[in-house]
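Let's walk through this one together, starting with charged side chains and ending with an annotation from a sequence record. Keep the viewer open as you read.

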Amino acid sequence: MAKTSPVEFMRQVRAETAKVVWPTRRETIMTAVMVVIMTTLLGLFFLGVDSVFDQIVSLLLSLAQK
């Protein structure tokens with residue numbers, strides 16, 4: 001494999017960076033809002049699942065003590 005000089009490496013990095021299509025401000029905000037919404041929904045879902053499991057375990061433990 002051929003070695004690349006640091007100057008050539010920086011040229012290649014600059015060329016590759018120029019090919020990147022950066023998101024617009026609106027796309028970035030919309031993505032952030034979607035992440036917040038999905039995180040909230042998943043948090044509520046897991047709160048519900050955890051509550052159901054808590055009730056099941058409490059019921060089973062109460063049956064075991066009788």
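Start in helix α1, which spans residues 6–19; glutamate 8 and arginine 11 both sit there, 3 residues apart, or about one turn of the helix. Keep in mind that you're looking at a predicted model. The side chains of glutamate 8 and arginine 11 join in a salt bridge, with 3.3 Å from N to O.

How exposed are the two partners? Glutamate 8 has 30% relative accessibility, so it counts as partly exposed. Arginine 11 comes in at 53%, and because exposed means over 50%, arginine 11 counts as exposed.

Now slide along to glutamate 16 and lysine 19. Their side chains also meet in a salt bridge, this time at 3.1 Å from N to O. Glutamate 16 and lysine 19 are 3 residues apart in helix α1, so about one helical turn separates them. Glutamate 16 is partly exposed, at 46% relative accessibility, while lysine 19 is exposed, with a relative accessible area of 58%. If you're wondering how many salt bridges a search of the whole structure finds, the count is 2.

Finally, move on to residues 29–49. An unreviewed UniProt entry annotates this stretch as "transmembrane region". In the model, the chain over residues 29–49 is 100% helix and 0% strand.

Note on methods:
Residues are numbered from 1 along each chain as its sequence is written. This is a predicted model: local features need pLDDT of at least 70, side-chain atom pairs count only at pLDDT 80 or more; totals for chains, interfaces and linings use all residues. Side-chain values use heavy atoms; hydrogens and water are left out. A salt bridge is a side-chain nitrogen of Lys or Arg within 4 Å of a carboxyl oxygen of Asp or Glu. Helices (H or I, at least four residues) and strands (E, at least two) are DSSP runs, numbered from the N terminus. Buried means under 20% relative accessible area, exposed over 50%, partly exposed in between (1.4 Å probe, protein chains only). UniProt positions are given in the numbering used here, feature names are shortened, and annotations may be inferred rather than shown by experiment.
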